[in-house]
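Morning, everyone. Let me put the next model up on the screen.

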Amino acid sequence: MAVAAPPQSPESIEEQRRWEGSLDQLRGLVSERAMTGETMLLNMGPHHPSTHGVLRLLLELDGEQIVSCLPDIGFLHTGIEKSIEDKSYEKALPLTDRMDYLSPMSNNMAYAAAVEKLLDLDVPERGQIIRVVCLELARCASHLVWLGTHAIDMGAMSVLLYAFRERERILGMFEMLSGQRMMSSYIRPGGVWRDVPADFLPTIKQFLNDFPYKVDDYEALLTKNPIWKDRAQGVGVIEPDVALAYGMTGPALRGSGVNWDLRKAQPYSGYETYDFNVPLGEHGDVYDRYLIRIHEFRESMKILNQAVSRLETVKGPFRSENGKYCPPPRSELGQSMEAVIHHFKLWTYGYDAPDDEIYSAIESPRGEIGCYIHGTGANKPRRVHFKTPSFIHISALPVVAKGYLLADMVAIIGSVDIVLGDCDR
Amino acid sequence: MEIPAARDPVSAVRDVFGDALLHVKAFRGETTLVVASERTADVLDFLRVSSGLVYNMLSDVSAVDYYPNDYGDAFDGDESDYRPERFGVSYHILSMLYNRRLRVKAFAAEDDPRLPTATVVWPAADWLEREIADMMGIVFEGHSDQRRLLMPDDWYGHPHRRDYPLGKETVAFSFNVDEIHQHKPFARD
């Protein structure tokens, strides 16, 4: 089968630039009224600041009202799934950081959990606790970016400055753990890369002391703000059955009052042992999704407080001690021949995984992020597929946005919290 | 309201669809039903609406390519090895009521890969299937939107197929710069 594109005679640049699209190719995708010019077609993006990356929306407008909406994605498609097919399981992990770049820890976790399921590998208790700390910090960091940018989209400038101030502290903690502020690659199959450093616990305790008051500050700026309520209440309503039919998850689904959180329903990494609540909305509008994420800050604080106190008492390995899948500690390399062999084998070849398929999902800040892996029996996967919440949520945008005003579109995009790296992969 | 008792999806599908259920496999606690490709949408609809099953959410649709030689052999009884055709498409469905997942898998032939669309069952399948049509080249019959999703409209080939090369950017040095500019006529402008 031929794979290279057949050579085509290159048109001149002028010809390419003088492109005039025909409306015929949109027939069936937009309403017939657009063909006669009764409604207006408007491009929003890919450079629009409120599209949170490079999302292009082709909007059909009747006055200011949205008649239909055609999302156009793929601008940030980087072929991560294809690249993983040529890497051994552990070496593919840094690529997953680049998908949802606002919460790389969740992507690491989704991938690591899937590989562990494929290999049937257990994670020691301390490793699980460190993972929970990382995941909840990532949830806070991601929600902080969401809060700042969502508020800026709706015209509240100053929230961003407060939100990013606290996010810097979380990124500082990620740097302490992994040496990297954003692309941490810290959660690995079998556990985490290394144990928490000595100065991490005092830092996170200080953060946990301060942060609830900061959340109060955000709420003071927004929750009862009449302009904010006017922009957010009754806008972008997602009915529960629509949310389910379109496969929406995370705060977008819980905002409609559906009680579904994978941390409760299908717990992973020991979430069943923590005491926390799942905030639910009533109306499914932009305002409810805002409230849910604000409450999730507080619930994450609860989980973090419990996890940090466990970190002080639970000692032991932070990564599986199965030498076939996880590298031995550096200290063993000088004394144990077996450790040297394992180390060499892991970093040159990797490990074999069964020729079979699994699907595993975790709750990321945006919703269910699932990972499908089909092994080959050797050290590289046959296929890795990520089901990402932003992809699903953008596919549902046309239904959610229909009938609202153009200015509400900005609020709706912000409230379902999309990340285009997550969507396009 | 009393919740009806959960039913076993395997026997329920076997009772209704009989021979269309080609194979059942369990691995790491996950159940996979391999169904005849032309009945996929019917089976999914049955699993969604039947009481005691209620798989109300489509989590994911993913496709796998068994190229070059891992498919088409006589089935030898090893249950992970049931691969009659080149492409496998898996629907990962979730029942929130009974809190369990199920994989419904169908195979599509190499020369004319076709499957019925599941968009009639879940609108969520719309983009997930378009992605597969784009990346694997499997045609979903009855899908309302046959445009490419991630790749540009004029792209040639289907990148997630296993016979599609990974590709790389050649680094331009003085000895090969002219040759590179030949494949990329606009790189200089």
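A word on the source. This is a predicted model, where local features need pLDDT of at least 70, side-chain atom pairs count only at pLDDT 80 or more, and totals for chains, interfaces and linings use all residues. Residues are numbered from 1 along each chain as its sequence is written, with chains lettered from A and ligands numbered from 1 in the order in which they are written.

Chain B. Four helices and seven strands here; these are DSSP runs numbered from the N terminus, helices being H or I of at least four residues and strands E of at least two. The order along the sequence is α-β-β-α-β-β-β-β-α-β-α. Chain B has 189 residues, 36% of them buried, meaning 20 or more other C-beta atoms within 10 Å of a residue's own, with C-beta atoms placed from the backbone.

Now the core. The largest nonpolar core holds 155 residues. A nonpolar core is a set of buried Ala, Val, Leu, Ile, Met, Phe, Trp, Tyr and Cys residues joined through C-beta atoms within 7 Å. Which residues touch the most other members? Ile412(A), Ile93(B) and Ile138(B). Helix H6 of chain A, residues 125–153, gives the most to this core: 15 residues.

Look at Ile138(B). Beyond its neighbours within four places in sequence, its contacts include Ala63(B), Phe87(B) and Leu115(B). Contact means C-beta atoms, placed from the backbone, within 7 Å.

Last, chain A against chain B. The contact takes 39 residues from chain A and 36 residues from chain B. Among the elements of chain A that each supply at least two residues to that side are strand S6 (357–364) and helix H15 (389–401).

Key. Two residues are in contact if their C-beta atoms, placed from the backbone, lie within 7 Å. A residue is buried if 20 or more other C-beta atoms lie within 10 Å of its own, exposed if 12 or fewer, and partly exposed in between; C-beta atoms are placed from the backbone.
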